[in-house]
Amino acid sequence: QVQLVESGGGLVQAGGSLRLSCAASGRASTRYAMAWFRQAPGKEREFVAGISWSGVSTYYVDSVKGRFTIFRDNAKNTLNVQMNNLKSEDTAVYFCAATLKDVDSVAYHYDYWGQGTQVTVSS
């Protein structure tokens with residue numbers, strides 16, 4: 001089992017920045033690929049960014065490319081995403097997720113999920 005706990009959400013003005021973190025515990029030494037998803041009210045959960053176990057490979061949804069950066073620190077068992085130039089459409093609950101498989105944009109391929117952290121961007 002792996003437990004994931006997100007932090008760093010909050011309220012920010014459009015154009016501002018936030019950094020989300022996800023702390024992993026439990027079987028954190030296992031080689032998991034990880035990702036950030038988000039879910040806005042009335043919408044399906046959406047893949048935002050993913051990263052391989054080694055951190056070498058990263059993936060982004062087109063809408064955040066050039067604005068978000070995903071990175072991880074395996075020594076500290078943490079996953080992060082730096083979000084710059086935030087837009088009102090980035091408003092959502094953000095979830096971190098882990099999978100024993102390769103990074104995938106499909107939510108049900110992930111084995112473990114955090115509880116989520118709210119990000120609200122005011123225009």
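Biologist: Why does Asn85 count as partly exposed?
Modeller: Its relative accessibility is 41%. Buried means under 20% relative accessible area, exposed means over 50%, and partly exposed lies in between (1.4 Å probe, protein chains only). The value of 41% falls in that middle range, so Asn85 is partly exposed.

Biologist: What should I know about the model and its numbering?
Modeller: This is a predicted model, in which local features need pLDDT of at least 70 and side-chain atom pairs count only at pLDDT 80 or more, while totals for chains, interfaces and linings use all residues. Residues are numbered from 1 along each chain as its sequence is written, and side-chain values use heavy atoms, with hydrogens and water left out.

Biologist: Where is Asn85, and what is its phi?
Modeller: Asn85 sits in the loop between β8 and β9. Its phi is positive, about 50°, although the residue is not a glycine. Asn77 also has a positive phi, about 55°, and is not a glycine either. Asn77 belongs to the loop between β7 and β8.

Biologist: What makes Asn77 partly exposed?
Modeller: Its relative accessible area is 28%.

Biologist: Why is the pair Arg38 and Asp90 called a salt bridge?
Modeller: A salt bridge is a side-chain nitrogen of Lys or Arg within 4 Å of a carboxyl oxygen of Asp or Glu. Here the closest N and O atoms are 2.9 Å apart, so the pair qualifies. Arg38 lies in strand β4 (residues 33-39) and Asp90 in the loop between β8 (78-83) and β9 (92-99), so the pair ties together parts that are 52 residues apart in sequence. Arg38 and Asp90 are both buried.

Biologist: What makes Asp90 and Arg67 a salt bridge?
Modeller: Their closest N and O atoms are 2.8 Å apart. Asp90 is in the loop between β8 and β9 and Arg67 in the loop between β6 (58-60) and β7 (68-73), so this pair joins parts 23 residues apart in sequence. Arg67 is buried, as is Asp90.

Biologist: Which residues are linked in a network of salt bridges?
Modeller: Arg38, Glu46, Arg67 and Asp90. The count of salt bridges comes to 5.

Biologist: How do you know that Asp111 and Lys101 meet in a salt bridge?
Modeller: The N to O distance is 4.0 Å. The rule says within 4 Å, so the pair counts. Asp111 is partly exposed at 36% relative accessible area. Lys101 is partly exposed at 46%.

Conventions: Helix = DSSP H or I, 4+ residues; strand = E, 2+ residues; numbered from the N terminus.
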